[in-house]
Amino acid sequence: MCLDVKYGTWEIALPDQESVEKLCAAGYSVLTAHALCGRGYDTVEAANELLCADAPLPDPFLMKEMDRAVAEIRRALAEKQRMAVFGDYDVDGITATCLLTDYLRSVGADCVAHIPGRIEEGYGLNAAAIHQLYDDGVRLIITVDCGITAIPEAELCRTMGITLIITDHHECKPVLPCAAAVIDPHRPDRTYPHTNLSGVGVAFKLAAALHGDQDEIAARYCDLFCLGTIADIMCLRGENRRLVVQGLAAMQNPKRLGIRALMEACDCMSQEVTASTIGYVLAPRINAAGRMEHAELAVQLFLTEDPAEAKELAETLCRLNRERQETETEIYREASYRLRGKKKHESAIVLAGENWHQGVVGIVASRLSEEYCRPTFLICLNGEHGKASSRSYGGFNLFTSLTELSELLEGYGGHELAAGFTIHRENIAEFSRRICARAEAFAKSGEAKAALEIDSEIPAALLTEENIEGLSQLEPCGTGCPKPVFCLSEVIVERIATVGGGKHLRLCLRSREGESLQAIYFSGGALARKLKVGDRVDVAFHAQMNEFRGVRTVQLSLIDLRRVAPAELYDRFLSGDKLSPAERRMLAPERADIAELWRYLRAVLPCGKVLRCELTEFCSAVAAYSNERHSVRRTLAGLAILQELGFLTFRREQTLLELCLLPNCRPNPLENSRLYHSIRGD
């Protein structure tokens, strides 16, 4: 039975062993060295630069119109104008709102925080909120993590006499809003040295520009910066890396009451706080507030100075997160059921639902895009209109695609990997047709990045607790410095089980060298029906330590798994396909492989006798004879080499082999085989 591999192609890097050894000599752990060299950081200088956590912080005033924003805010402070920080309902927007609100209040501002309701108001600056803030006495609005596409809203502020300052980090449309200042590192006329800041990152730069001492602001708000930057999947290099490292250190013993209360509610105060802690534990609970229409609770949590209130708010966020999970599961099940009837050749997923919760469809879209390996667009219908969340796959640029189809949309925004839009019901079918056509063209263009990038194939013997702990040198891991991905080839399945009600797959594996390995494949439970004990598989994974009842063991967290096909690489070689260096290494026999194969043949097949057998059974028998060390992928090439040297004849018809050892063979050195050198690329 065919396995449904998640990635059709594995791109396996081949780190240079000498470079690995040089990094190890410089103090990097062996697995860290393999990962760094596999990514091209194969000198000590390059590795140190990648992982540098003390990069200089660029001057905030390098950002276009930062000087205007500072001047307007200082004027409003002097005139004691009431101001509002207008944010977004995700983690990045919430932390940006809290950072700037807290700073402005600390310098005496009469400042309110406003997070729009996801369902009632929708994303970003809106007319209803502007009127409400005006009625509440607000005369200066500062957006954070939103506003870059708010052209009519900016005009409304102007006509009402409200000063508007926009700070955002999303992609810009061709025309910018007309505001007192528009600060966005993606501006076409940008002057800032990079575009990697999150919404909270831009808010941090504004606070630093107002304050005058960037390091002091960093020390005060690095925890909020860290939360928003990791949650928004921003590149963890340069100043982002410096401030995230500083923030993670601060969160080991958090001084902000709201963060401490949330960590206590999640029972993670006793553990080391990593990027994964934020991504998988804290961020979902903060996001749950906005997704379930209570974003203001998260703002209150991070601004409160009352320990009892912080505790109550943190527990509420945990409860909302459980509700979010239940709602997400319902939408996911419905979407998955409907996809069973969708055409498999469609290159994008477009689904619309009448009763879907708008705050949750983004998560479901992310799950579906990963599961089905294609861009996904989920639309929440309400009457004749729909609000959608979309997630990319393989590098498909969502923002550019929505711009190209903007005549079908009522509004849109976001960036390359995640975007939202509104659409009239009657336009959905045409949108689906045209976005699928664009996704298909992209998939065929050669620009798609759907392959799994593997940092290194490693020997199983390197998977020790000490070596895995050494991977902490790469932390914090995220965009720009992802968690290392390793692979093992031709491991043998010894035990199969499902956990989590059948959702997840647990395997016991044995390497060709004899090491026993425990593996978990989250959301891979369906593969239990397609695997059997004794199967040889390749596995791609994150290496980690698992602790259960006080016992720590090495565990492979699988990313993908594929059954070994003994003839695949050899057939591709014969057909003239260009093999990658990693594939060539898998196929090319070593002298020991040829010797093991010859010994097996001499043991089971008398000269002149014909052996007819099934290919996979023969390859497995050779491997078993050599205590499983023999690679089944190299068997066919080994037979062809022995035939070229005059030791046997063999022919293959699809999956059947016919072999005969020739009598009176003369010695013939392996070096005389052209095929041997050709396969090896000598």
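Because the model is predicted, local features need pLDDT of at least 70 and side-chain atom pairs count only at pLDDT 80 or more, whereas totals for chains, interfaces and linings use all residues.

Begin by selecting β2 (82–86) and β4 (138–143), together with β3 (110–114) and β6 (181–183) and strand β5, residues 163–167. Strands here are DSSP runs of E with at least two residues, helices are runs of H or I with at least four, and both are numbered from the N terminus. These five strands make an open sheet in the order β3-β2-β4-β5-β6, with parallel pairing; two strands pair if DSSP finds at least two bridges between them. At the edges stand β3 and β6, each of which pairs on one side only. On average, neighbouring strands of this sheet are turned by 20° against each other, direction ignored, where axes are lines fitted to C-alpha atoms, for helices over the stretch in contact, and angles run from 0 to 180 degrees between N-to-C directions.

Then move to β5 and β6, which pair in the parallel sense over three bridges, and pick out T167, which stands opposite I183 in β6.

**The cavities**

I183 is also one of the residues lining the largest cavity. A cavity is a set of points, on a 1 Å grid over the protein atoms alone, where a 1.4 Å probe fits but cannot get out, and its lining residues have an atom within 4 Å of a point. Grid points are joined across faces, edges and corners, and a volume is the space filled by probe spheres set on the points. Three cavities of 30 Å³ or more are found in a search of the whole structure.

Select M63, K64, I183, D184, P185, R187, R190, T191 and Y192 to display the lining of the largest cavity, whose volume is about 50 Å³. This lining has four nonpolar, one polar and four charged residues, with Ala, Val, Leu, Ile, Met, Phe, Trp, Tyr, Cys and Pro counted as nonpolar, Asp, Glu, Lys and Arg as charged, and the others, Gly among them, as polar.

For the second largest cavity, select Y123, G147, I148, T149, D168, H170, E171, F399, G413 and G414. About 40 Å³ of space lies there, and the lining comprises three nonpolar, five polar and two charged residues.

Now select strand β15, residues 504–510, which is mostly covered, five of its seven residues being buried; buried means under 20% relative accessible area, exposed over 50% and partly exposed in between, with a 1.4 Å probe and protein chains only. Strand β14 (residues 486–499) pairs with β15 in the antiparallel sense over seven bridges, and V499 has H504 in β15 as its bridge partner. The hairpin of β14 and β15 has four residues between the strands, and G500 in its turn has a positive phi of about 65°.

On continuing to strand β16 (residues 516–521), the viewer shows antiparallel pairing with β15 over six bridges, with L509 opposite L517 in β16. Five residues separate β15 and β16 in their hairpin, where G514 in the turn has a positive phi of about 105°.

Most residues other than glycine have a negative phi, and most peptide bonds are trans. K80, in the loop between α4 (66–78) and β2, has a positive phi of about 55° although it is not a glycine, and at 72% relative accessibility K80 counts as exposed. D145, in the loop between β4 and α7 (151–160), likewise has a positive phi, of about 60°, but D145 counts as buried at 1% relative accessibility.

Finish at V610, in strand β19 (residues 610–614), which is partly exposed with a relative accessible area of 41%. Leaving aside neighbours within four places in sequence, V610 is in contact with L605, E658, L659 and C660.

Technical notes
Residues numbered from 1 in each chain as written. Heavy atoms only, no water. 1 Å grid on protein atoms, 1.4 Å probe; cavity = no way out; pocket = protein on both sides within 12 Å on 5 of 7 lines; lining within 4 Å. Contact = heavy atoms within 4.5 Å.
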